[in-house]
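I opened this entry to record what I looked up on salt bridges and on one helix. The notes follow in the order in which I took them.

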Amino acid sequence: MFKRLAGPTYPLFIFFIVNLILLSLSRFALSLWQNERVGEFNNWIQLFLNGIRIDISALCWLFSPLIILSIFFTGKNKFGQFIQSVIKIGLVIESTFLLFMEFATPAFINTYDLRPNRLFVEYLVNPKEVFTMLWNGHLAALISAPILTALCAFLFWKLANNTFKNIIYPKWHNQLITRPLVFLLIGGITFLGARSSLEHRGINPAMVAFSPDPLVNSLVLSSGYSLLFAIQQMKDEGNAAEIYGKMPLDEVISTLKAVRNRPESDYISTELPTLSQNQASYQGKPKNLVIILEESLGAQFIGTLGGKPLSPKIDELAKQGWLFENLYATGTRSVRGIEAITAGFTPTPARSVVKLPGSQQGFFTIAELLSKQGYHTSFIYGGEKHFDNMASFFYGNGFQQIIDEKDYPNPHFTATWGVSDEDLFTKAHDTFTQLHQQGKPFFSLVFTSSNHDPFEFPAGKIELYEQPQETRNNAAKYADFATGYFFDLAKKAEYWNDTIFLIIADHDSRVGGASLVPVQHFHIPALILGKNIEPKRDPRLVSQIDMPTTLLSLIGVSGNYPMLGYDLTKPEDPNRALMQYDKTFGYMRKIDNQLQTVILQQGKPAESYVYSEQSKTLTAIDGNEQMKKQALAYSLWGSYAYKLRLYQLGDNKKP
């Protein structure tokens with residue numbers, strides 16, 4: 001009876017129900033796997049009710065073009081049969097895509113503690129590195145996902161053949177005037193299912209989020225929905241106000257200036273509102289600058305910061321330099337660390353400016369500033385320079401030379417992500433020695449890669465912390481060993497006396513947890529070294545964006561620039577950390593001896609918490625409205641600065 005009534009739309013109803021069941025089963029299996037995170041029974045009920053709601057919405061959107069084709073264009077003639085074949089293929093492709101994304105989900109959760117999101121897309125543009133990483137570190141997923149996907153595609157095709165067999169065309173389909181009426185009925189139901197709401201906005205991930213654990217909220221979604229929603233949001237990279245709330249640009253600027261507490265006379269441009277004049281603390285002959293950006297080396301791996309005993313070399317170096325005890329990363333990706341360290345740029349919910357088209361030239365970096373001061377500027381990397389769009393961003397914004405994997409003719413060890421950190425540091429040392437001999441001041445960003453999944457590094461270099469060799473902890477210990485190797489070379493080199501060094505992580509490894517923002521995983525090491533650097537431990541609460549301003553001051557380079565970071569050579573206390581966790585923004589300050597944290601989530605009002613360093617948890621409190629305003633201003637500034645091209649270099653020509 002139903003088949004006769006539904007006519008050519010019958011297969012769509014069948015596929016709709018089948019996909020709804022399969023997505024629910026996948027959600028159930030993932031929830032069982034993460035049952036400790038899902039928690040109490042009420043959470044399971046909310047997870048599945050909201051999950052079914054999301055699945056209905058996603059399937060309605062996906063199937064809506066096929067519904068239109070089915071109602072208006074199918075028929076017994078050749079054209080109608082062709083359209084029917086198109087619908088059949090469309091159903092199989094869409095259903096296979098949804099299941100493929102579910103098969104890919106466990107490996108992604110293991111790495112990023114969330115369902116697939118825009119990182120899934122961003123990694124697709126680097127197939128060599130990603131395939132090699134999967135082959136070496138996630139072989140089971142790499143093999144099983146395509147096999148299961150192919151099997152499901154075959155079964156979906158069999159199902160399609162059965163459901164499309166002997167299609168009945170009812171009276172409504174044979175009468176031109178009744179088709180629009182049927183479309184109004186079915187189309188109206190589909191539209192309501194897709195929006196899943198009678199409110200101003202249709203359903204979105206924020207509307208079905210109910211848990212303080214981001215992973216649990218992502219389990220509510222299907223992975224196909226999560227990915228397509230992320231892609232849709234990538235169209236507009238200047239949309240922070242649409243995510244966190246609106247604030248006019250002049251209010252954003254005034255709020256940030258008030259936090260920064262600098263004289264208004266320091267700001268020298270009306271067109272570039274954060275452009276300020278800055279006087280370096282060191283007034284001698286300008287020094288060289290080397291930033292060693294350590295891949296994934298969070299504070300959890302640094303013994304002297306209370307982490308695991310994996311960093312004897314850095315622990316020893318910490319006694320000889322300026323160690324920041326409470327420095328926090330701005331994000332969870334390398335490109336987020338790069339934008340903070342080289343440009344002092346605040347994080348946004350969009351992609352990093354390293355990847356955005358509007359920042360590939362004319363965007364401020366300290367390399368651009370230093371190149372105009374006569375410095376040789378370089379980026380030294382053991383992998384391929386194109387990864388994460390680094391080459392385009394660096395070449396367009398002040399970096400004169402890039403050394404990457406092809407520039408190591410006989411490396412001692414090559415892994416998935418490039419040559420070993422020892423090979424990298426040997427090349428860096430040789431480069432600095434040559435530049436020093438030429439009498440050129442230099443700035444170099446040296447980016448390590450050995451401490452990256454699948455954690456490959458040369459054997460016999462360290463006493464393993466655990467078995468087997470290729471583990472996260474062992475790789476972190478090797479990264480420390482390689483760093484010590486470099487400083488053994490540097491201290492004996494002529495360039496040592498004229499150079500300031502910064503060791504800093506880009507982000508922590510495998511950032512995740514049951515908090516809206518896993519604050520403990522944003523804590524990273526930062527250590528400044530040099531001949532005349534006074535050994536000390538700095539307890540101030542600071543951010544990655546404070547490093548470039550401080551380094552310029554230490555090497556004796558004054559200038560005009562738009563960075564909001566503090567010069568930590570001066571006694572001011574920034575007392576704030578900025579943390580971008582996917583679409584969630586955290587703003588932390590120490591108030592009344594408590595680490596108060598404002599958290600901004602998509603489509604929700606700001607919420608206030610106290611972070612406990614002992615339990616690593618966030619506890620809700622009544623909010624500080626001024627702090628919430630500051631958090632919103634910081635979260636919006638980057639989007640305004642990028643979209644309106646406000647982050648540019650002033651007149652810094654060498655006198």
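I listed the buried residues of helix 15 and got V252, I253, T255, L256, K257, V259 and R260. Buried here means under 20% relative accessible area, exposed means over 50%, and partly exposed lies in between (1.4 Å probe, protein chains only). Helices (H or I, at least four residues) and strands (E, at least two) are DSSP runs, numbered from the N terminus. This is a predicted model, in which local features need pLDDT of at least 70 and side-chain atom pairs count only at pLDDT 80 or more, while totals for chains, interfaces and linings use all residues. Residues are numbered from 1 along each chain as its sequence is written, and side-chain values use heavy atoms, with hydrogens and water left out.

I then asked what covers the buried residues of helix 15. The cover includes strand 15 (584-591) and helix 23 (625-643), where contact means heavy atoms within 4.5 Å.

I checked the length of helix 15 next. Its twelve residues should span 16 Å at 1.5 Å a residue, and the end C-alpha atoms are 16 Å apart, which agrees. The expected span is 1.5 Å times one less than the number of residues. After helix 15 comes N261, with a positive phi near 60°.

Which residue forms a salt bridge with R260? I found E572, with the closest N and O atoms 3.3 Å apart. E572 sits in the loop between strand 13 (559-561) and strand 14 (577-581) and R260 in helix 15 (residues 249-260), so the pair ties together parts that are 312 residues apart in sequence. A salt bridge is a side-chain nitrogen of Lys or Arg within 4 Å of a carboxyl oxygen of Asp or Glu. I noted R260 as buried at 8% relative accessible area, and E572 as partly exposed at 29%.

**Other salt bridges**

I searched the whole structure and counted 21 salt bridges. Side chains of opposite charge can pair when their charged atoms come close.

I looked up D538 and found its side chain in a salt bridge with that of R540, at 2.7 Å from N to O. D538 is buried at 7% relative accessibility, and R540 is buried at 13%.

I also recorded the salt bridge between D567 and K570, at 3.8 Å from N to O. D567 is buried at 8%, whereas K570 is partly exposed at 32%.
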